[in-house]
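Here's a quick briefing to read with the model open beside you.

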Amino acid sequence: MLTSADLTAQIHSLTDALLEELVDFRRDLHAHPELGFTEHRTTEKVAARLEAAGLKVHRFSPTGLAADIDPGTEPGPATRRRRRVALRADLDALPMQEATGLPFSSTVPGVTHACGHDVHTTAVLGAGLVLADLARHGALDSAVRLIFQPAEEIQPGGALDLLETGVLEDVDRIFAVHCDPKVPVGQVGTRIGPITSASDTVTVTLSSSGGHTSRPHLTGDIVYALGLVATATPALLGRRLDPRSGANLTWGSVRAGSAANAIPTTGTITGTLRCLDARTRDRAEALLEELITQVVAPTGVEVEVNLVRGVPPVDNDEGSTRIMDEAARAVLGPDALVLTEQSLGGEDFGWYLTRTIGAMARLGVRSPGGRSYDLHRPDLIVDEAAIGVGARFLARVAADASRDLQS
């Protein structure tokens, strides 16, 4: 078995040999982004590189793929199954026009990789190529599955489709990274427990007979009632739920009427309900309709509340997070590890963690001392050094988790 220092040296050497190729690979993905469930070119490009490395690829329908890296050792007695670690990447881009001015900017109008999925995909690919080489030289203790999923940006997430195929049935731990433009490149952020939120879509539809604005007392005032829903419901929800649970209701759209002197017959307000705690999420969903109904009752309008469940929280397992912590220190240096903040953003990696244990880390992509960006912005620029950092980090995570499974 390799010592920790020898393993680090091998991972660095193998990754360094791939760096130029990986940067070119990521730039190609960035220039040719594809939306969820249409990632055909991206799927084929990843598959071709893995097959060129001698890995057997399984393609999903309509898009996405998985590939297994076999350590070349027998699992033992017939009653003992092979232990397996998984690394997951997401393939899809966002429906927005890029505004970076990069020479490899998106060539697809209205579509861009503004969330860093091109970096995630390339980092997992690079880690997979390194791990495949380690396996060929007997330096990998357990099998590793590379998962490249479609449609992370589409609620409730493309992860559900892959889970239905049984992609995690023999996986003992799963890991992933997500770009963080607030963290300097060369660092990764981890946290035990929830790091992202459940995200559900709430739509409230109000209706009445409508009427003239000079006679609001003769009808239910839809616009006034929408105002009550918009302001009172989040406040009341915050008084009925434990504030430590990270529950948040925020509205994003209000629609009603078309004339200044007419009270409309219908109106809608839509937004998101987010919770870091899964049990509070169940409580909030049950409470929401009760509160909205009570809020609008004095106005006399009819109310319909529709809640569509999205992704669950990403709840990092303690043991898996510790593996990531040690891997970061080993392969990136003693100062590489930072405590990541909790986010109310949604991430469908949470679905995998409802089936097996694992963890997600934040991958720093901000140039040291450089401009700060945010995700889902058309001007997002990541420091390309993060590609090699991500590949080294994930390769070491998988190698260490592989050893842990055999211990």
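Two strands count as paired if DSSP finds at least two bridges between them. Keep in mind that this is a predicted model. With that in hand, Thr205 sits opposite Glu304 of strand 13.

- The open sheet is built from 4 strands, ordered 10-12-8-13, with antiparallel pairing.
- At the edges you'll find strand 10 (248–256) and strand 13 (302–311), each of which pairs on one side only.
- From one strand to the next, the twist averages 15°.

**Helices on the sheet**
- Helix 5 (residues 222–240) lies across strand 8, strand 10 and strand 12 (266–275), and runs at about 175° to strand 10.
- Helix 6 (residues 278–296) lies across strand 8, strand 10, strand 12 and strand 13, at about 160° to strand 13.

**The nonpolar cores**
- The largest nonpolar core has 65 residues, and the ones touching the most other members are Leu50, Ile69, Leu87, Leu131, Leu146, Phe148 and Phe393.
- Helix 9 (residues 385–406) gives this core its largest share, 12 residues.
- There's also a second, separate core of 23 residues, with Val204, Val229, Leu237 and Val295 among them.

**A look at Phe148**
- What does Phe148 contact, leaving aside its neighbours within four places in sequence? Its partners are Val46, Leu50, Gly64, Leu65, Ala89, Leu91, Thr121, Val124, Leu125 and Leu162.

Definitions and conventions. Residues numbered from 1 in each chain as written. Predicted model: local features only at pLDDT ≥ 70, side-chain atom pairs only at ≥ 80, totals over all residues. Heavy atoms only, no water. Core = buried A, V, L, I, M, F, W, Y, C linked by side-chain atoms within 4.5 Å. Buried < 20%, exposed > 50% of the residue type's maximum accessible area, 1.4 Å probe, protein only. Helix = DSSP H or I, 4+ residues; strand = E, 2+ residues; numbered from the N terminus. Contact = heavy atoms within 4.5 Å. Axes fitted to C-alpha atoms, helices over the stretch in contact; angles between N-to-C directions.
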